[in-house]
Amino acid sequence: MRSDLAKQYGQDRLPRYTSYPTAPHFSAAISEQDYRSWLRSVPVRQPASIYLHIPFCRSMCWYCGCHTSVTKRDDPIAIYAGGLRKEAHLVAETIGQRIPISHVHFGGGTPTIMTPDTLVDLVGALRYSFFVLPEAEIAVEIDPRTLTEPMTEALGYCGVNRASLGVQSFDPAVQRAINRLQSFEQTAASVERLRREGVGRLNFDLLYGLPLQTVKSCLDTVAKCVELRPDRFSVFGYAHIPSFKKHQRKIAEETLPDCIERHLQSETIAEALLDAGYVRIGLDHFALPDDNLALAKREGRLRRNFQGYTDDSADTLIGLGASSIGRMPQGFVQNVVATRDYLARIAEDRLATAKGYAFTEEDRFRADIIERIMCDLAVDLPQIAQLHGRDPNSAIVDRSRMESLIADGAVTMFDDRLSVSVGAEFLVRSVASAFDAHLARSAATHSRAV
């Protein structure tokens, strides 16, 4: 483990590069009319993907950085789901036909906060508006604390075949500090029910850098998780930005680990998962060797999108719901954030577009470079430059950062072919940032590099 590199680069605030350019650069210059125009030109024979955002939870986890709100009643969720059904119809109507869909992802919030009947109706509406392929991956994010038997049965009935379960940490002290009490037994029971209903592909989400968290508690959590043998792990560093998410102010900053401790926690989790037979995928994902993500890595097909690492090759991502982000071949679009505003727009038969970003040719060039670095921990600059008709010498924006990374042994460069060094994988965001032409205008909004 390179603690010297963590100390030197760990305080930098950098994007996670699930998109390029990143969301802080979206603007109201992209309108509903632009989005409608882009939808009309969607390649109708190529499979697309759909993301649906469900911005509701039963309680607020204090670490959360998502767009969500707490409700104890089902009525607001049912009304919102009606808006999603109508938005799906409006989008399909604008496209002009039922396009094929290869991936569907329900995110939140807590998607399984819906009643089973509401979920069944929503999935039915998606299948009516779009041609969801028989082999499509249908994934749902799940809070094991609130997953019921009827909802698990509904997931199986709807054809859900992948579930992401939030775990974060099994340490009771950490759980109390983040307002999320969740036992191992609750999680194991959810896993058993999901597998019984045919939801066989499971992901676990873990966090490091949480208040009161230690290397030992990270190891204890991993050991418990491995007993349940999920197909994948996502291991994220907690991003403490209380100026952006006010509920994070309930976390005492003096209980948060420093960048060296965060690095130790991250690398300890990684080593434990590797020892358990998982394959490292890019920066923060791990998968069993026969999982689709591991296969995509071996075959050079790994991609990165707003859900992290993926084998989804679709160039079109349709975002449905408040705050959701879509990606068209021409650029990004994002819906309004407030659910009230979202529902008002949909009720008027309008798309809920609030802002977006239209790609330039330089953006496409840099996006390809950054995606390959994030996915492969390496990039052939001359090859990508040739594909885009660019000069490879123009690729690096921050030469001083790149020279520093090379001098410190984090990166090797030979004939403009870059590789992240073994042991420095945790700095891949720092490496990618050297190619980011927009970073100087958005650094304060991002999380720490380590």
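This is a predicted model: local features need pLDDT of at least 70, side-chain atom pairs count only at pLDDT 80 or more; totals for chains, interfaces and linings use all residues.
Figure 1. Leaving out residues up to four places away in sequence, Ala270 touches Arg280 and Phe286. Asp291 is 21 residues from Ala270 along the chain, and the C-alpha atoms of Ala270 and Asp291 are 17 Å apart.

**Figure 2. Met60 in the loop between strands S3 and S4.** The loop that holds Met60 runs between strand S3 (56-57) and strand S4 (69-70). Met60 has a relative accessible area of 18% and is buried, since the limit for that class is under 20%. Not counting residues up to four places away in sequence, Met60 touches Thr68, Ser69 and Val70, as well as Asn179 and His247. For Met60 and Val70, which are 10 residues apart along the chain, the C-alpha atoms are separated by 6.4 Å.

**Figure 3. Contact of helix H2 with helix H3.** Helix H2 covers residues 32-40 and helix H3 residues 75-95; their axes come within 7 Å and cross at roughly 60 degrees. H2 and H3 are therefore oblique to each other. On the H2 side the contact is made by Tyr35, Arg36, Leu39 and Arg40, and on the H3 side by Val91, Thr94 and Ile95. Sorted by class, this contact has four nonpolar residues, one polar residue and two charged residues.

**Figure 4. The largest nonpolar core and Ile318.** The largest nonpolar core has 77 residues. Phe106, Phe130, Leu155 and Ile318 are those with the most contacts inside this core. Helix H3 gives the most to the core, with eight residues. Apart from neighbours within four places in sequence, Ile318 is in contact with Tyr35, Ser49, Ile50, Tyr51, Val91, Ile95, Ile99, Phe130 and Met328. A second, separate core has 43 residues, including Ile281, Ile369, Cys375 and Leu439.

**Figure 5. Aromatic pair of Phe204 and Phe233.** A pair of aromatic rings is described by the distance of the centres and the angle of the planes. Eight aromatic pairs are found in a search of the whole structure. In the pair of Phe204 and Phe233, the ring centres are 5.9 Å apart and the planes are at 85 degrees, so the pair is edge-to-face. Phe204 lies in strand S8 (residues 201-208) and Phe233 in strand S9 (residues 232-237); the pair links distant parts of the chain, 29 residues apart. Phe204 and Phe233 are both buried.

**Figure 6. Aromatic pair of Phe233 and Tyr278.** The ring centres of Phe233 and Tyr278 lie 5.1 Å apart with the planes at 80 degrees, so this pair is edge-to-face. Phe233 belongs to strand S9, whereas Tyr278 is in the loop between helix H9 (259-275) and strand S10 (279-281). These two residues are 45 residues apart, and the pair links distant parts of the chain. With a relative accessible area of 0%, Phe233 is buried. Tyr278 is buried with a relative accessible area of 3%.

**Figure 7. A cluster of phenylalanine rings.** Phe26, Phe306, Phe332 and Phe359 are linked into a cluster by ring pairs.

Note on methods
Residues are numbered from 1 along each chain as its sequence is written. Side-chain values use heavy atoms; hydrogens and water are left out. Axes are lines fitted to C-alpha atoms, for helices over the stretch in contact, and angles run from 0 to 180 degrees between N-to-C directions. Helices (H or I, at least four residues) and strands (E, at least two) are DSSP runs, numbered from the N terminus. Angles under 35 degrees count as roughly parallel, over 145 as roughly antiparallel, 65 to 115 as roughly perpendicular and the rest as oblique. Contact means heavy atoms within 4.5 Å. Ala, Val, Leu, Ile, Met, Phe, Trp, Tyr, Cys and Pro count as nonpolar, Asp, Glu, Lys and Arg as charged, and the others, Gly among them, as polar. A nonpolar core is a set of buried Ala, Val, Leu, Ile, Met, Phe, Trp, Tyr and Cys residues joined through side-chain atoms within 4.5 Å. Buried means under 20% relative accessible area, exposed over 50%, partly exposed in between (1.4 Å probe, protein chains only). Rings of Phe, Tyr and Trp (its six-membered ring) pair if their centres lie within 6.5 Å; planes under 30 degrees apart count as stacked, over 60 as edge-to-face and the rest as tilted.
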